[in-house]
Amino acid sequence: MTQRQGFLGALSRLLRRRTRATPQVSGAAALSGQGASGDVATVEVAPPRRDGLQISYAPDRDGAPDAGEIVWTWVPYAENDGRGKDRPVLIIGRQNAERAFAVRLTSKPHDGDRDFLNIGTGPWDSQGRESWVDIEQLYSVHTDGMRREASALDRKRFSGVVAALHRRYGWAVDG
């Protein structure tokens with residue numbers, strides 16, 4: 001898939017989402033409601049231009065989504081049909097004062113799929129399963145839409161994710 005096709009697909013999904021009903025939330029997010037709807041909803045966004053995202057590593061256990069941290073929030077399904085689920089995402093940089101850019105994690109194996117990067121296991125998954133980062137889909141997470149900080153991804157694994165994102169989108173890396 002070319003960068004243009006990825007961008008056009010993300011833009012198409014974003015436009016389709018505007019016509020969807022209120023999200024249906026399942027699991028733990030249904031109890032907390034954080035990140036599921038309203039101004040604090042976690043939403044899929046089109047990848048910004050090359051100069052539109054500065055990737056950084058700045059984890060800080062302060063209750064806010066910081067670059068390098070894996071946090072839990074409600075994430076819409078790729079079908080953008082109004083449904084979603086509570087899941088971990090890796091924060092990769094700030095979007096503005098209230099929002100951060102993130103890529104989602106999944107425990108579903110994606111060996112051989114170039115849009116997914118295996119980051120192994122960590123404290124973000126209570127069952128100790130391997131995780132894959134989806135570098136094709138980008139999300140905007142509001143500080144108040146984050147349910148909890150799970151852990152910081154170590155610098156080495158974060159650097160691997162950054163390298164994959166840089167190859168795909170050309171985003172600058174800070175530090």
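This is a predicted model: local features need pLDDT of at least 70, side-chain atom pairs count only at pLDDT 80 or more; totals for chains, interfaces and linings use all residues.
Okay, let's start with the largest nonpolar core, which has 24 residues. The members that touch the most others are I70, L90, I92, I119, W124, L165 and W171. And which elements give two or more residues to it? Those are β4 (69–76), β5 (83–94), β6 (99–106) and α3 (155–169), with α3 giving the largest share, six residues.

Setting aside neighbours within four places in sequence, L165 contacts I55, I92, V103, I135, G170 and W171. There's also a second, separate core of nine residues, and V71, V75, I91 and A102 are among them.

Now the aromatics. The structure has two aromatic pairs. Y57 and F158 have ring centres 5.1 Å apart and planes at 50°, so we call that pair tilted. Y57 sits in the loop between β3 (54–56) and β4, while F158 is in helix α3, so to speak a link between distant parts of the chain, 101 residues apart. Buried or exposed, you ask, for F158? F158 is buried at 3% relative accessible area, whereas Y57 is partly exposed at 24%.

The other pair is Y169 with W171, and this one is stacked: 4.3 Å between centres, 15° between planes.

Last stop, Q137, in the loop between β8 (131–134) and β9 (138–142). Q137 is buried, at 5% relative accessibility, and its side chain makes a polar contact with the side chain of Y139, at 3.1 Å.

Note on methods. Residues are numbered from 1 along each chain as its sequence is written. Side-chain values use heavy atoms; hydrogens and water are left out. A nonpolar core is a set of buried Ala, Val, Leu, Ile, Met, Phe, Trp, Tyr and Cys residues joined through side-chain atoms within 4.5 Å. Buried means under 20% relative accessible area, exposed over 50%, partly exposed in between (1.4 Å probe, protein chains only). Helices (H or I, at least four residues) and strands (E, at least two) are DSSP runs, numbered from the N terminus. Contact means heavy atoms within 4.5 Å. A polar contact is a pair of N or O atoms within 3.5 Å; within protein, one must be able to donate a hydrogen and the other to accept it, and residues adjacent in sequence count only if both atoms are side-chain atoms. Rings of Phe, Tyr and Trp (its six-membered ring) pair if their centres lie within 6.5 Å; planes under 30 degrees apart count as stacked, over 60 as edge-to-face and the rest as tilted.
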